[in-house]
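Welcome! Please take a moment with the sequence and the 3D view, and then read on for a guided tour.

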Amino acid sequence: MSTPVDDPLSRERSHLAASRSALRAMREDVEALDISDVTANWVNAEVLAHQIEERIKALADLSDTPLFFGRLDYLPGERFYIGRRHVHDADGDPMVIDWRAPVSQPFYRASKKDPMDIALRRRFGYTGGDLTAYEDEHLSDPAEAARTSKLLQQEIERPRVGPMRDIVATIQPEQDEIVRSGLSGTVCVQGGPGTGKTAVGLHRVAYLLYAHRERLARTGTLVIGPNRSFLHYIEQVLPALGELTVQQATVEDLVAHVEIKGTDDATAAVVKGDARMARVLRRALYAHVTMPTEPVVVVRGSRRWRVAAYELEEIVRELLDRDIRYGAAREALPQRIAHAVLVQMERSGEAPDDRVQDAVARNSAVKAAVKAVWPAVDPAKLVLRLLSDADFLAEHAAGILDEEEQKAVLWAKPARSVRSAKWSAADAVLIDEATDLIQRTHSLGHVVLDEAQDLSPMQYRAVGRRCTTGSATVLGDLAQGTTPWATRSWQEALAHLGKADAVVEELTAGFRVPTDVITYASRLLPHIAPGLTPVVSIRENPGHFEVREVTGTADVVDACRESLRHEGSTGLIAADARVPELAKALTDAGIPYLGPGEETTQDTRLTLVPASLAKGLEYDYVVLDEPRAVVDGEPDERTGLRRLYVALTRAVSGLTVTHAAPLPPQLIA
């Protein structure tokens, strides 16, 4: 008769307890480090102290996060527990293996067809932080048939409360291939709603930091999201995986050279976002360079050294032909002129050195020539003039933009200065382009760009400048493009990014959106993205789905109450213009609610979401108010239908569509 300690679940709980103790000991060892004798100065001490602090944070034991979620028994007899981070005992022997380690890969890839030398794969089920269940697959046993993991299915369908969580325990083989792809290449992931593309991108960052830590520590990593609400929603994923150094930003953050005070209409924004504007800016910038007509005369002591105008022109043309940054060429010009002077000195029998060349380069005559021939240009002032001066724009946009396009981007009321100008978001991107023409933008080691389908060509160029010497992970869904300049194809987008050779992967298995919901939303695909493969939900639970005709906001509030009776979060998504009316109705009904990006709690589980901010968010239950109003809130029908597609696909467990106005005909079967 077996004793409790012989019970497999008890043994696994014992290993969990021992692993937690080992992790605690690892943390205590780091906390006990004395660095007083190993730092040469206060700078080294500060750096080392910061590194120790970050290490302590990375070794935190999160009580509600399982330390390990799986086990692999290899055929030779080796056994490994797979978890979010590496844990070793006092002797240095591993108790938990990091999910990113090569030995962990079969946990995600092995199958009955290809067991990868795995005898047993065990998945663990948790309630809170307590290990409560396990499930075994004997992958090398031909007598055991392949089956769907119940624990895996439960984890996928677990209710969502709070920010986005990692999917490290549920990564699927096709996702794992993307996560573990190399650092040198750029990967573009086309993924429909609920296919896990954002999670895949974040886990890819975590994997790359594990596999190439030293290199990325030097060059840096960045996650770019569409807005602050989205970044707040995903900000806990990487820290939960032990990665604390990844920066997050929006495109607007990257190009924040000026304060945004204005907006553009759709026509102006489309033209300003067109890649042709880069050519206009380049022309306008290099128009400041003029060919010299006078010689430069340098006086040193009793000698006068003369560089003829034709020699100066040769130097200027050579710098132009080298196609280096405007600012770098301007800095090189005085040294080139000084070099020409030194050649004359050497011919006359003198022996000048580098100090003499530097002195000549600083000579007032040389500085005056450089100022006249290759003047300094402020990028914001350059863009200001282009948008304010019709003649200047016409001169440099000739043959690139037609008259109507030039008229669209010109300001109706020219600004007097950079500070007083009412810059738009698209203007800031133009200034970023001009800034890079003058001085090269710093490149990072790896950039993740999420919701990429909404970027303009000029925004792609801005992001691409941040990874010219690195790589990128591009995430998006062409069907969810909701800007007038939304991406038409990934090939076109990747060319603007400077990564035309990127590999495009498509995810079509839906892990989040229930079958009935995604089937309903997919009715829009022929009208918004005819070439895309519809998402197929793999969830066993078909989910709750209902289209309900209502008479007013009171009925919408009732639908929210019904959703709140279920476990998990609820999102009320509505056209932006209807949000104030619905907010008042919820307040009058005594139902507390949050704004997008605010963290839900057990007491407040309802979020009121303008349709324009719904992208990338997810809720267990969604009440979608007035689909017709969502469509009508956009400048054109295709963009409106795409916005509606986004709103329809935010639900994890159930969707209730409420409408008093007729539904868009594209939704009617």
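## Terms and ground rules

A residue is called buried if its relative accessible area is under 20%, exposed if over 50%, and partly exposed in between, using a 1.4 Å probe and the protein chains only. This is a predicted model, in which local features need pLDDT of at least 70, side-chain atom pairs count only at pLDDT 80 or more, and totals for chains, interfaces and linings use all residues. Residues are numbered from 1 along each chain as its sequence is written, and side-chain values use heavy atoms, with hydrogens and water left out.

## The whole protein

Of the 669 residues of the protein, 54% are buried. The C-alpha atoms fill a box of roughly 110 × 70 × 45 Å along the principal axes. The protein has 28 helices and 21 strands; these are DSSP runs numbered from the N terminus, with helices being H or I of at least four residues and strands E of at least two.

Contact here means heavy atoms within 4.5 Å. Among contacts with a separation of 6 or more, 74% join residues 24 or more positions apart.

Two strands pair if DSSP finds at least two bridges between them.

Five bridges link β7 (residues 187-191) with β14 in the parallel sense, and Gly191 stands opposite Leu507 in β14.

## A closer look at Ala452

Where is Ala452 found? This residue is in the loop between β12 and α21 (457-465). Ala452 is buried, having a relative accessible area of 0%. Beyond its neighbours within four places in sequence, Ala452 is in contact with Tyr460, Val474, Leu475, Gly476, Thr487 and Trp490.

## A sheet of five strands

Another open sheet has five strands, in the order β17-β21-β20-β18-β19, with parallel pairing. Its edges are β17 (544-549) and β19 (606-610), each with a single partner strand, so one side of each is left without a neighbour in the sheet. Inside this sheet, β20 (residues 619-625) and β21 (residues 651-659) run parallel and are joined by six bridges. Tyr619 has Ala651 in β21 as its bridge partner.

Two helices can be followed here. α25 lies across β17, β18, β19, β20 and β21, at about 170 degrees to β20. α26 packs on the sheet too, where it touches β18, β19 and β20 and makes about 165 degrees with the direction of β19.

## How the two helices meet

Helix α25 (residues 553-564) packs against helix α26 (residues 579-588) at an angle of about 65 degrees, and their axes are 10 Å apart. Which residues meet between α25 and α26? Thr553, Val556 and Val557 in α25 meet Glu581, Leu582, Ala585 and Leu586 in α26.

Definitions and conventions
Axes fitted to C-alpha atoms, helices over the stretch in contact; angles between N-to-C directions.
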